[in-house]
Amino acid sequence: MKNNLELKEIINGMIAGTGRPMSAEDIYKSMADTGGEIQIEEIKLALKELSRDGRVIITRRGKAALPEQLGLIYGRIQGNGRGFGFFIPADGSGDLFIAAEDMNGALHGDTVWVRKLTGSLRGRNDRGAVEMIAKRAGGRVIGTFEADNEYGGYVVPDDSRVAEDVLIPFSHTNGANHGDKVVAEITQYPGARRPMLGKIAEVLGRPGDKGIDMLSIIRRLDLPDKFPREAQEQAEGLRTPNPDELTHRRDYRHVLTITIDGADARDLDDAVSLEMADGLYRLGVHIADVSHYVKRGSPIDVEAYKRGTSVYFPDRVLPMLPKELSNGLCSLNPDEDKLTLSCVMDIEPHGKVVHHNIAKSVIRSNYRMTYDEVNAIFAGDPDMAAKYSDIMPMLGEMRRLKDILKAKRQRRGAIDFDLPEADIHLNGNGRAVDVSLHIRGEANMMIEEFMLAANETVAREGVDKGLPLMYRVHEAPDPERIKELNTFLHTLGYGVGNAEKVQPVDVRKMLLKAAGSSEERVINNVTLRAMTKAKYSPDCDGHFGLAAKYYCHFTSPIRRYPDLLVHRALNESLEGRLDEENLKRWKAYLPGASDQCSDREVTATEAERAADDLKKCEYMAQHIGEEYQGVISGVTQGGFFVELGNTVEGRVKVESLSGDRYEWDEKGYRLVGRFTGSQYRLGDEVKVRAVSADMETSRIEFELIEEKPHKAPRESAKRSGHGSTRGRNSDKIKALKSKKGGHGFGHSKRHQKGRGKSKGTP
């Protein structure tokens with residue numbers, strides 16, 4: 001019997017591959033023809049589960065069809081408290097506006113099938129209607145319980161994108177008191193004439209209690225914070241390999257090898273070595289061989305697939321693997337024999353990899369170094385240099401190789417978005433006491449370059465040998481979005497050339513031109529928004545941002561499931577187990593697995609962003625009335641957002657602006673005064689005062705204390721289309737879309753927190 005999860009992915013891929021509906025008998029025959037051992041009852045059960053999950057539709061003739069074969073589009077709903085929503089297609093195509101009357105019971109976060117509508121609604125042509133809900137977003141609502149003497153009570157959702165409160169009967173309050181943070185399990189979803197009903201499943205605690213705010217986010221996004229008993233018991237039962245198992249691996253224990261991580265890191269999944277050989281740099285990137293311990297279909301593997309990635313909060317980590325693996329067996333601790341998968345590259349002085357070898361290996365790390373230590377050495381600290389005197393020559397060569405690899409990427413046009421990130425500091429009670437700008441040192445960048453080189457080399461190996469790898473893909477941006485970007489950039493004296501044929505080098509040149517200017521941060525942000533989202537795929541379609549033809553994720557299998565799958569496929573190849581039947585199984589499995597990994601990455605990013613925003617809001621609540629310099633980072637009809645130097649962002653309401661009636665010029669990223677032509681533009685420097693910080697919505701409000709808007713030509717104000725019906729009706733819509741973010745392209749925070757490096761995560 002095949003693993004049920006794997007079987008469902010194979011069946012889903014089979015239906016997609018045939019391009020037509022298939023019966024259980026059709027699928028059984030097709031699998032039997034390829035030599036698969038499967039029972040038709042297993043296929044029927046898998047189809048039933050796929051149908052229940054909304055991934056297939058059973059037609060009147062009893063055949064399973066993919067909804068897209070029936071003209072429907074698959075994706076996720078992004079809700080709004082006013083009842084409408086946005087449909088975000090999984091295939092990366094354009095978003096659709098969903099009017100309240102077309103939501104058909106869908107809530108924020110639900111995975112749905114949508115039919116695109118023709119005609120217009122309030123001036124919009126890009127709209128749709130929910131036809132089928134594929135999967136509910138957890139079936140729970142996290143919020144504050146408000147007691148009601150007549151009914152029992154109701155739960156006010158923490159997430160403002162959930163449009164309805166949950167009514168709770170007296171019999172289902174579960175001892176919750178007025179004001180408690182609770183988890184409400186939905187027992188009746190909303191409809192045309194029915195409210196949303198629920199029962200209290202868990203009382204989290206009182207607002208303000210230590211950790212309750214982060215726990216609320218964890219519950220709201222349905223993130224698992226405990227491992228199932230079977231997975232935990234399996235992890236506790238794993239042991240280090242015996243010496244005989246090491247004889248079948250390439251032995252690098254004699255090679256000087258080090259790990260470089262953040263001071264508080266416990267899951268050390270990569271080590272590096274460097275030797276000079278015949279004028280070449282021999283760079284070794286040695287990655288923990290997690291796949292040796294996490295076997296396909298095992299309890300740990302099933303849970304890791306479900307999680308997809310580790311999630312990093314200011315006060316905790318939700319790991320993908322139990323700590324017995326992540327902090328123990330798989331962590332490349334010094335002076336211990338560790339199983340690894342090594343990618344050793346011979347690199348010429350101009351950065352070209354002229355030869356490489358990928359092998360199952362064993363290493364013994366000599367030093368566990370931190371970024372601060374290596375940065376201090378690079379800065380000339382004599383005490384630190386003396387402490388690590390025996391590896392100083394290797395560190396010097398590593399530093400030179402870092403510059404070589406970086407220069408090579410820059411020559412081919414790789415885009416470096418230098419986006420600010422925050423370090424959030426908590427006190428003993430878990431409250432935010434400081435928010436500062438995160439600084440990436442030279443050592444961080446060095447390890448990042450090494451990881452990028454390994455990721456590219458492994459991806460090229462996969463393509464050259466036809467291996468079934470999961471690739472990291474970043475497609476070229478939509479020309480229409482580049483045209484819109486250029487409209488704004490031209491107002492600042494910049495541009496990215498031909499929008500129809502934009503190349504990475506064009507974007508890179510523009511960003512270099514803006515480097516050091518007052519508008520640099522805004523240009524980086526706006527340009528990143530114009531890019532497509534990076535995603536996982538079974539096809540190697542290149543990475544636009546890195547200007548790389550080949551790219552995958554290989555270097556973080558402890559905390560990313562795609563990396564674990566890459567390791568698993570490489571090991572099967574190295575062991576000679578990738579026969580024709582196994583390749584077919586991989587090819588049927590990878591499309592669904594890629595979607596799952598991409599989806600979990602989106603959820604993790606949403607969780608981390610929500611946690612950071614809440615803690616920033618908590619910090620600013622202690623600084624109401626204080627004045628700050630900032631830069632306008634976003635403009636909507638309702639006002640504009642100002643980002644401070646420490647990355648805290650707050651809104652200035654349009655009604656608080658005096659001296660004129662300011663209206664939104666959407667394409668110009670500005671507010672323009674109707675009578676004076678004064679304007680507030682994206683990138684303008686302003687001085688603000690903090691006036692409020694709402695912990696329920698994580699919203700910070702500022703007010704201007706020095707109003708010196710730019711003067712715009714009268715013609716510009718007349719041409720901007722202020723007061724149009726579309727502008728009046730789309731203020732909240734555009735605000736939401738501009739805040740969506742989540743490109744998954746730049747340096748990912750969750751691979752830096754507590755570590756200070758991205759592990760090659762674009």
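Analyst: **A hairpin and its surroundings**

Strands S32 and S33 form a hairpin in which four residues lie between them, and within that turn Ser698 has a positive phi of about 60 degrees. The model is predicted, so local features are taken only where pLDDT is at least 70 and side-chain atom pairs only at pLDDT 80 or more, while totals for chains, interfaces and linings use all residues. Residues are numbered from 1 along each chain as its sequence is written, and side-chain values use heavy atoms, with hydrogens and water left out. Strands (E, at least two residues) and helices (H or I, at least four) are DSSP runs numbered from the N terminus, and two strands count as paired if DSSP finds at least two bridges between them.

S32 (residues 685-694) runs antiparallel to S33 and is joined to it by six bridges, with Ala690 standing opposite Phe702 in S33. S33 (residues 699-704) also pairs with strand S28 (residues 649-653), here in the parallel sense and over two bridges, and Phe702 is the bridge partner of Val652.

Elsewhere, strands S15 and S16 form another hairpin, with two residues between the strands, and there Asp278 takes a positive phi near 55 degrees. Eight bridges join S15 to S16 (residues 280-288) in an antiparallel arrangement, one of the pairings being Ala271 with His286. Six of the eight residues of S15 (residues 270-277) are buried, so S15 is largely enclosed by the rest of the structure; buried means under 20% relative accessible area, exposed over 50% and partly exposed in between, with a 1.4 Å probe and protein chains only.

The interior can be followed through its nonpolar cores, each a set of buried Ala, Val, Leu, Ile, Met, Phe, Trp, Tyr and Cys residues joined through side-chain atoms within 4.5 Å. The largest has 82 residues, and Phe450 and Phe554 have the most contacts inside it. Helix H12 (residues 442-465) supplies nine residues, the largest share of this core. Leaving aside residues up to four places away in sequence, Phe450 touches Val272, Leu283, Val285, Met398, Leu401, Lys402 and Leu405, where contact means heavy atoms within 4.5 Å. Apart from this core lies another of 51 residues, including Leu485, Val522, Tyr628 and Leu671.

Helix packing can be read from fitted axes, which are lines through C-alpha atoms over the stretch in contact, with angles from 0 to 180 degrees between N-to-C directions. The axes of helix H16 (residues 561-574) and helix H17 (residues 580-620) come within 11 Å and cross at roughly 170 degrees. That makes the two helices roughly antiparallel, on a scale where angles under 35 degrees are roughly parallel, over 145 roughly antiparallel, 65 to 115 roughly perpendicular and the rest oblique. The axes of helix H7 (residues 299-307) and H17 come within 8 Å and cross at roughly 60 degrees, and H7 and H17 are therefore oblique to each other. In this contact Tyr305, Lys306 and Arg307 of H7 meet Tyr589, Gly592, Ala593, Gln596 and Arg600 of H17.

Confidence should be kept in view: pLDDT, the predictor's confidence in each residue from 0 to 100, averages 87 for the protein, and 91% of the residues score at least 70. Over residues 713-760 it is below 50, although this stretch has 146 contacts in the model beyond near neighbours in sequence.
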